[in-house]
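Here is a short report on one protein model. It covers charged contacts, a pocket and a surface patch.

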Amino acid sequence: MRIHGGLKKALVTGVTAGLMAMPARAHGRQPFPGENVPGENAAGFTESMQEADHFAAQQSEQDRSDAEQEARDREQEKRDREQERKDLEQEKKDREQDKLDRMQDLYDAGREALDDGKYQQAEQKFDELAQKNGPRTDAALYWKAYAENQSGKRDTALATIASLKTRFPQSRWKKDAEALEIEVRQSSGHPVNPESQSDEELKTLALQGLMNSDPQRGIQMIEKRLAGTASPKDKAKMLFVLAQNGSPEARELLGKIAQGQSNPDLQRKAVEYLGIFGGNRAAATLETVYTNSADAGVKRAVIRSYMISGNREQLFKLAKGEKDESLKRDAIRNLGLVGGEKELQQLYQTEPSMDLRREILQGFFLAGQSDKLVQVAETDKDPDLRRTAVRNLGLMGKSDVLQSIYAKDTDRSLKEEVLNAYFIGGNAKGLVAIARSEKDPELKKRAVEKLSLMNSKEGNEYLMELLNK
């Protein structure tokens, strides 16, 4: 019940009326039993007013407390809704990435089957991939036709090639498909040569010898065979021979293929070899490839090549300037792999996106840079980034640091993340220490729950102590 100004006014009015009704002592007579006396009424009035003020103050404090709690509840609801929105977005991204990963697994399995000469299995993998209508459907159709031809299914292979050319008239696989189509038509009616794989290997060895004795002629032969219908394994070997040669002519041809003269698979392989055998000229070629390509797979191949060659400068440039968030993440991650701690620190200070800052923390983890993670865990204003830093410190085995953070910090969610980090890192000793000293029953319970799942000597001994109490 609240006492507002109106109620106080009513109290005053009532008491005043009592004072004025029978002022006995004012007339010099003794008051009748039960009669109101002005002085006593005034004292009662003062006491009532004090009680009313005290009650009103208590009620006002309760109102203020309730309002603050309501504000906190609203803020928590807002945070919960925002987190739910982020979780839904992340789930959507995860589902899309899972779909892409499954398609990549199919593609890799098909290519592996081709390399092993398991053409029927390869055909099935690429057919399944083609039916998913993903971003590499044209490549799947080409390799399906290739496997069909190797299995002697000439008519089926021609039909698959026709489908590729009709559905993807601008595909970069079209040139390879046309070369395959010529071979299929020329070999129609002829049995499949079971020794073709051995023949290809012998030819590759011969080309390697020719590159050593007559590089110019060897390069011409390699260029011709790369444009033909050799197996993917054989073409990769030829590219390796080309990259290993190191002559200006070989590097020029490798650069042309890296810039998209051939199909995307060969392009990515050429980009990889430029990273392995490159130098300043190769770095310049890779930069041109990245700038001119619209294929995210090719761009990722360039980023990997920068990592292989330890090119922190270019990775830092992409991590700062790339507009595509997925590619930017790749650049940040690979920057960590090449030990770009200073570059990552600069990025963390200037990057406004919380998601990308979280990726930078992963870069620190990959670079083994625990000092920056400790700084973030202890001082960053964003609780989610602090939890990410704690998680990575746990994976790095920084138990002493985590113990200090747990002892000093008052953020409950951060303390729970320390418990998770101990659990993931198998640190039963740290969990036991927290379980022994923690006054918060919920946090103590969390620590014991994790110990019960670890089956460790220290944890089991502590659990027995609890049972024996």
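## Salt bridges

A network of salt bridges links R300, E325, R329, D330, R333 and E359. A salt bridge here is a side-chain nitrogen of Lys or Arg within 4 Å of a carboxyl oxygen of Asp or Glu. The whole structure holds 32 salt bridges. The model is predicted: local features need pLDDT of at least 70, side-chain atom pairs count only at pLDDT 80 or more, and totals for chains, interfaces and linings use all residues. Residues are numbered from 1 along each chain as its sequence is written, and side-chain values use heavy atoms, with hydrogens and water left out.

R136 and D265 form a salt bridge at 3.1 Å, N to O. This pair links distant parts of the chain, 129 residues apart: R136 is in the loop between α3 (119–131) and α4, and D265 is in helix α11. Helices are DSSP runs (H or I, at least four residues), numbered from the N terminus. R136 is partly exposed, at 21% relative accessibility. D265 is buried, at 12%. The cut-offs are under 20% relative accessible area for buried, over 50% for exposed, and partly exposed in between (1.4 Å probe, protein chains only).

## Pairs within a helix

K144 and E148 meet at 2.6 Å, N to O. They sit four residues apart in helix α4, so about one helical turn separates them. K144 is buried at 11%, and E148 is buried at 0%.

D355 and R358 meet at 2.4 Å, N to O. Both lie in helix α17 (residues 354–366), three residues apart. D355 is partly exposed at 30%, as is R358 at 23%.

## The largest pocket

The largest pocket has a volume of about 1,600 Å³. A pocket is an open set of points on a 1 Å grid over the protein atoms alone, where a 1.4 Å probe fits, with protein on both sides within 12 Å along at least five of seven lines; lining residues have an atom within 4 Å of a point. Volume is the space filled by probe spheres set on the points, which are joined across faces, edges and corners.

The lining has 50 residues, with Q104, R136, A296, G297 and R300 nearest the centre. Helix α2 gives the most, with 14 residues. By class, the lining has 18 nonpolar, seven polar and 25 charged residues. Ala, Val, Leu, Ile, Met, Phe, Trp, Tyr, Cys and Pro count as nonpolar, Asp, Glu, Lys and Arg as charged, and the others, Gly among them, as polar.

Conventions: Helix = DSSP H or I, 4+ residues; strand = E, 2+ residues; numbered from the N terminus.
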